[in-house]
Amino acid sequence: MKIVAVLVSFSLLISSCSQNAITGRKQLSFFKESDIQDMAATQYKQFLTESKVVASATSKDAEMVRRVGQRLSAAITKFYTDKGLAKELEGYQWEYNLVDSKEVNAWCMPGGKIVVYTGLLPISQNEAALAVVMGHEVAHALAKHGNERMSQATAQQLGGVALEVAVANKSPEARNIFMGAYGIGTTVGGTLPFSRKHELEADKLGLIYAALAGYNPQEAIPLWERMEKAASGSQKPPELLSTHPTEATRIEKLKAMMPEALKYYKPMNQGGK
Ligand SMILES: [Zn+2]
């Protein structure tokens, strides 16, 4: 029985290795993007009902989050369409919300469901740096890192077949693994930190997305310096860093990526800095 399960999982592994359109990297993906997006939409809705959402009609900060989100999604849609990759954005229904919370955090679920926590804003400090963070989060979603992490985790634990069914049925087990893989709801089991490889990909794509949206990607350098300072100067490091681990060489790597990112940068008249 066990051998059969292993064999089935193994064949699934082979058939579930796909090439990512935007990174060009082969990755494990057991789950249908449409199933993941369905689950994301459900979890997003639930998260918002359980959180204090800041109304963009009355808050300049919430309005800024929405504006950055709209610029990013418009720029990404054009970028993908120009590259003939519009299909990759199938099912994306972008939403951007600011949530009142001390957590220094932000995330984006597949399908373009973005949350920024008010706790991030004292560290992001300006709109371009916020765009860098949101671009990074969107990059994780578009590079399908969550799917890959869920697939890797379940290849070792449940076996791919079981989880594929669980995801399609939106079972509680699948929900927990999903939340863990996307760094949401730390109360539900442990969250998985993104790997170095994923962080590097998200940093690089995030800079390009921010630049395409008219934001100066060079704001990434002081942003990550502020983030590291917040981590070293506090007993409670930013939540963002627990799912997006930083390393000593991050800023050096960001600097190395900058010439390419700047090729995409066309400053906006307002708010781009
Ligand atoms: Zn990250």
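In which sense do strand 5 and strand 6 pair, and over how many bridges? Strand 5 and strand 6 (residues 113-117) run antiparallel to each other and share four bridges. This is a predicted model, so local features need pLDDT of at least 70, side-chain atom pairs count only at pLDDT 80 or more, and totals for chains, interfaces and linings use all residues. Residues are numbered from 1 along each chain as its sequence is written.

**Overall picture**
- The protein has 12 helices and six strands; these are DSSP runs numbered from the N terminus, with helices being H or I of at least four residues and strands being E of at least two.
- Of the 273 residues, 42% are buried (20 or more other C-beta atoms within 10 Å of the residue's own; exposed is 12 or fewer, partly exposed is in between, and C-beta atoms are placed from the backbone).
- Take the contacts between residues at least 6 apart in sequence: 72% of them join residues at least 24 apart. A contact here is two C-beta atoms, placed from the backbone, within 7 Å.

- Four strands make an open sheet in the order 3-4-6-5, with mixed pairing; two strands pair if DSSP finds at least two bridges between them.
- Strand 3 (53-54) and strand 5 (106-109) are the edges, each pairing on one side only.
- Strand 3 and strand 4 are antiparallel and joined by two bridges, with Val53 partnered by Val99 of strand 4.
- Strand 4 and strand 6 go parallel, over five bridges, and Glu95 sits opposite Lys113 of strand 6.
- Over in the antiparallel pair of strand 5 and strand 6, Trp107 faces Val115 of strand 6.
- Strand 4 (residues 95-99) is largely enclosed by the rest of the structure, because four of its five residues are buried.

**The core and helix 5**
- The largest nonpolar core holds 59 residues, and Ala131, Met134 and Tyr209 touch the most other members. Such a core is a set of buried Ala, Val, Leu, Ile, Met, Phe, Trp, Tyr and Cys residues joined through C-beta atoms within 7 Å.
- Helix 5 (residues 127-142) is the top contributor to this core, giving 11 residues.
- Helix 5 also lies across strand 5 and strand 6, at about 30° to strand 5.
- Met134, leaving aside neighbours within four places in sequence, contacts Val68, Gly69, Leu72, Ala106, Ile114 and Val116.
- As background, nonpolar side chains tend to be buried together in soluble globular proteins.

**Helix 10 against helix 12**
- Helix 10 (residues 220-232) and helix 12 (residues 250-263) pack at about 170°, with axes 10 Å apart. Axes are lines fitted to C-alpha atoms, for helices over the stretch in contact, and angles run from 0 to 180 degrees between N-to-C directions.
- Helix 10 and helix 12 are therefore roughly antiparallel (over 145 degrees; under 35 is roughly parallel, 65 to 115 roughly perpendicular and the rest oblique).
- Helix 10 brings Ala220, Ile221, Trp224 and Glu225 to the contact, and helix 12 brings Arg250, Ile251, Leu254 and Lys255.
- Those contact residues split into five nonpolar, no polar and three charged. Ala, Val, Leu, Ile, Met, Phe, Trp, Tyr, Cys and Pro count as nonpolar, Asp, Glu, Lys and Arg as charged, and the others, Gly among them, as polar.

**Ala261 in helix 12**
- Ala261, part of helix 12, counts as buried because it has 25 C-beta neighbours inside 10 Å.
- Setting aside neighbours within four places in sequence, Ala261 contacts Leu207, Ile208, Ala211 and Pro217.
- Ala261 and Leu205 are 56 residues apart along the chain, with 8.4 Å between their C-alpha atoms.
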